[in-house]
Amino acid sequence: MPAVPLKDVNDLPPDLQHLIAEYDAWIGDTTFARVIAHRPEAFRAFHALYVSLLEGRVESEIKELARLRLARLNGCAY
């Protein structure tokens, strides 16, 4: 259970509802998106950054290994 309550998707602007639906279809978990949606401008900025990181020349497997390594170095269990 997150420390911040999850934002109700129906209370969000249509563009954010669409993004959350995409996260659900893609990742299968909308917890992070529904927490950051309390600040719509932050959610939009995060999404733009995240999409830009997904694109590029580095294969997704290498990016995932880097994320896992960073999480381990920082003691992140999520």
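The mean positions of the 9 positive and 11 negative charges of the protein lie 8 Å apart. This value, like every other in the report, was computed from a predicted model.

### Overall layout

The secondary structure of the protein consists of four helices and zero strands, so that along the sequence the pattern reads α-α-α-α. The C-alpha trace spans about 35 × 30 × 20 Å along its principal axes. Of the 78 residues, 15% count as buried, and the protein exposes about 6,100 Å², of which carbon and sulfur atoms supply 60%. Among the contacts with a separation of 6 or more, 51% are accounted for by residues 24 or more positions apart.

### Salt bridges

| Acidic residue | Basic residue | Distance, N to O |
| Aspartate 15 | Arginine 44 | 2.7 Å |
| Glutamate 41 | Arginine 39 | 2.6 Å |
| Glutamate 64 | Arginine 67 | 2.9 Å |

The side chains of arginine 44 and aspartate 15 meet in a salt bridge at 2.7 Å, and this pair links distant parts of the chain, with arginine 44 in helix H3 (residues 40-54) and aspartate 15 in helix H1 (residues 14-26), 29 residues apart. Arginine 44 is partly exposed, its relative accessible area being 35%, and aspartate 15, at 35% relative accessibility, also counts as partly exposed.

Glutamate 64 has a relative accessible area of 35% and is partly exposed, while arginine 67 is partly exposed with a value of 36%.

In the remaining bridge, the side chains of glutamate 41 and arginine 39 meet at 2.6 Å, N to O. Is arginine 39 buried or exposed? With a relative accessible area of 52%, arginine 39 counts as exposed, because the cut-off for that class is over 50%. Glutamate 41, by contrast, has a relative accessible area of 45% and is therefore partly exposed.

### Aromatic pairs

A search of the whole structure finds five aromatic pairs. One of them joins tyrosine 23 and tryptophan 26 in an edge-to-face arrangement, with 6.5 Å from centre to centre and 90 degrees between the planes. These two residues are separated by about one helical turn, because they stand three residues apart in helix H1. Tyrosine 23 is buried, with a relative accessible area of 5%, whereas tryptophan 26, at 51% relative accessibility, counts as exposed.

Which residues do the ring pairs link into a cluster? The cluster comprises Tyr23, Trp26, Phe32, Phe43, Phe46 and Tyr50.

### Helix H1 in both sets

Helix H1 (residues 14-26) takes part in both kinds of pairing described above: aspartate 15 in this helix is a partner of arginine 44 in helix H3, and tyrosine 23 and tryptophan 26 are likewise residues of helix H1.

Note on methods. Residues numbered from 1 in each chain as written. Predicted model: local features only at pLDDT ≥ 70, side-chain atom pairs only at ≥ 80, totals over all residues. Heavy atoms only, no water. Salt bridge = Lys/Arg side-chain N within 4 Å of Asp/Glu carboxyl O. Buried < 20%, exposed > 50% of the residue type's maximum accessible area, 1.4 Å probe, protein only. Phe/Tyr/Trp six-rings, centres within 6.5 Å; stacked < 30°, edge-to-face > 60°. Contact = heavy atoms within 4.5 Å. Areas by Shrake-Rupley, 256 points an atom, 1.4 Å probe, with all protein chains shown as cover. Lys, Arg positive; Asp, Glu negative; His and termini not counted. Charge placed at Lys NZ, Arg CZ, Asp CG, Glu CD.
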